[in-house]
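Hi,

Here is the structure I promised to pass on.

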Amino acid sequence: MAAAVELAAYKDVLIILASTAVTVPLLKRLGISPALAFLGIGVLVGPTALGGLTGTFPWLSWITVSDSKQIATFAELGVVFLLFLIGLELSYERLTRMKRLVLGLGSLQVVGTATVIAFIAWWLGQPVAAALLVGGALALSSTAVVVEHLAEQKRLTSTSGRTTFAVLLMQDLAVIPLLFLIGALSQRQEGSVALGLAMAVGQGAIAVLLVVAVGRRVLRPFLRQVSALHEPQVFMAAAILIVVGTAVVTAAFGVSMALGAFVAGLLLAETEYRRAIEATLQPFKGILLGAFFFSVGLSIDLGALAGAPLAYALAVGALIAVKIAIIVPLVRAFGQSWLVAIRSALLLGPAGEFAFVTMGQATAAGVVSAETGAFIITMTAISMATVPLLDRCGGWIADRFAVKAPPDPELKVGPPAAAGKRVIVVGYGRVGQLVCEMLARHQVPYLAVDSDPREIAHLRRQGHDVYFGDANSEFFLEQCGIRDAASLVLTLHTAGALDEIAQIARALNPGLTIIARARDADHAKQLYSLGVTDAVPETIEASLQLSEAVLFDLGVPAGKVIASVHERRDIFRKELQEAGIDDARVRNAVRTVHPDAAAPAQALPPPPS
């Protein structure tokens with residue numbers, strides 16, 4: 001019997017590990033956030049989905065969770081690590097740099113949204129205490145889903161991305177008062193919220209003061225001693241000890257473990273160990289937070305959802321509509337455009353992971369009824385799943401109604417008419433600038449073009465002779481004189497665009513010499529099949545030169561090193577020959593090329609016109 005219990009425990013852990021290592025990466029390829037993937041897997045293997053069929057199909061017990069209480073321990077640690085890393089990110093420098101949006105816009109959003117939703121919950125029949133917690137929980141959005149979504153689309157530095165992130169920072173801070181409020185409402189006596197709040201604040205203050213007092217005197221010297229050992233595993237153990245230790249200290253005072261971890265993160269945010277701790281704990285946070293979302297998925301009742309789909313749909317729609325109606329005018333009041341306001345509101349409209357935390361604790365404390373808590377948790381999960389769709393709607397609105405800014409005057413300057421044969425260089429990044437510098441040094445006439453308007457305007461003001469335009473356009477290439485050009489050099493790092501330009505250029509000028517940058521041998525073969533004269537794989541020669549250098553430095557005889565390098569070149573030539581490339585092109589394909597890690601653009605003198 002004991003062995004069976006142990007097997008069941010290991011089986012549940014294996015399900016989480018399998019989700020992390022196999023299922024989540026597959027779902028991420030489909031554009032599904034890891035947080036939503038864990039949530040969905042938890043629902044699938046939970047008691048209301050496959051777990052409910054184990055009586056009919058006993059073999060399903062091997063892929064469903066037997067004891068959700070064991071996973072709950074990992075889930076609680078996931079929240080602890082999340083709050084610690086949030087505290088670590090909330091450095092004084094970051095808060096002061098974004099204080100207007102964080103403290104101004106973020107505070108107004110949290111307070112305004114929580115107040116409106118709490119009033120609606122009270123109007124619908126919830127007690128005052130429960131309505132306050134429901135309003136606070138649903139006012140927050142999903143940091144885990146939204147930040148990852150913006151990072152994947154490289155929009156964190158955009159105006160809407162920065163605005164959204166600033167509000168999320170304030171929402172993360174607002175979790176701490178919410179945790180206090182849960183403790184206060186759970187400890188109230190004879191209906192006295194004020195007395196309960198005073199007791200909770202008193203206990204929390206003692207715990208926080210103890211963590212701060214000890215932490216300021218102990219943490220930095222402790223980490224200094226640990227880091228002096230230069231043992232990564234010891235540093236990792238020390239970082240985990242700090243997180244879990246501070247969480248346990250605050251829990252001993254009857255305060256949330258997450259609060260202690262958050263305070264510890266704040267204490268370390270200004271130290272020199274901040275980045276090292278963040279990098280060390282990030283993998284732990286990922287898997288433990290995954291366990292948290294997984295456990296939330298286990299608690300979602302699909303039967304209740306199937307029984308009242310319209311109620312859940314209306315609740316989710318109303319929540320998002322209310323939050324958008326509040327956030328849009330607030331963002332506009334802080335000087336942002338309508339499009340930024342709409343895109344930020346659509347991202348912030350759904351509820352977030354802290355609704356799971358607060359509702360779980362509030363239900364356990366008896367402040368919120370189990371039925372209401374389950375409804376809020378399910379509604380939150382559904383709303384979080386709508387983040388990608390809502391952001392896509394925001395993108396459609398932006399594309400349709402965006403007011404195009406007037407073009408920079410520097411971009412209105414078109415390529416000069418060709419005076420004789422010249423080289424056309426497409427792509428004016430670091431590689432393209434080096435090519436142009438060498439052409440100018442040998443007095444070879446050239447024309448450089450690029451499609452990045454902001455960078456081109458900046459470089460032209462610095463004196464670089466480069467022009468804006470899209471080389472994917474047949475008309476633009478003809479304007480550049482492609483039919484009479486001496487050669488075309490393609491230095492773009494985007495393979496798809498490079499291949500397309502090569503095809504267009506070859507069709508316009510069948511006899512044109514085309515030299516193209518290739519990622520590797522396979523890309524070089526592709527380029528040759530498109531009619532490129534010379535393809536220069538940037539990885540091949542760089543790898544060979546690095547190998548040659550390290551072998552020389554290790555004392556390997558020069559003859560053996562040179563022979564091995566030539567042997568590798570011969571293998572590469574054979575690969576291209578098998579692709580149908582003639583010997584002359586093969587010899588040209590292995591010429592040295594400067595990698596993209598060359599000197600920065602601003603260090604190069606502008607080439608002469």
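Let's start with R506: setting aside neighbours within four places in sequence, R506 is in contact (heavy atoms within 4.5 Å) with G511, L512, I514, L530, G531 and T533. This is a predicted model, so local features need pLDDT of at least 70 and side-chain atom pairs count only at pLDDT 80 or more, while totals for chains, interfaces and linings use all residues. Residues are numbered from 1 along each chain as its sequence is written, and side-chain values use heavy atoms, with hydrogens and water left out.

R506 sits in helix α22, residues 495-508 (helices are DSSP runs of H or I, at least four residues, and strands are E runs of at least two, numbered from the N terminus). A polar atom of the R506 side chain does lie 2.5 Å from the backbone oxygen of G531.

On to the pairs that do form: the structure holds three salt bridges.

- R343 and D391 meet at 3.4 Å, N to O. The pair links distant parts of the chain, with R343 in α15 (338-348) and D391 in α18 (387-401), 48 residues apart. R343 is buried at 16% relative accessible area, and D391 is buried at 3%.
- E437 and R441 meet at 3.1 Å, N to O. Both lie in α19 (430-441), four residues apart, about one turn of the helix; R441 is exposed at 56%.
- R483 pairs with E478, the closest N and O atoms being 2.5 Å apart. R483 is partly exposed at 47%, as is E478 at 32%.

For the whole chain, I get 26 helices and six strands, with buried residues making up 46% of the 609 residues. Among contacts between residues at least 6 apart in sequence, 71% join residues at least 24 apart.

Cheers

Note on methods
A polar contact is a pair of N or O atoms within 3.5 Å; within protein, one must be able to donate a hydrogen and the other to accept it, and residues adjacent in sequence count only if both atoms are side-chain atoms. Buried means under 20% relative accessible area, exposed over 50%, partly exposed in between (1.4 Å probe, protein chains only). A salt bridge is a side-chain nitrogen of Lys or Arg within 4 Å of a carboxyl oxygen of Asp or Glu.
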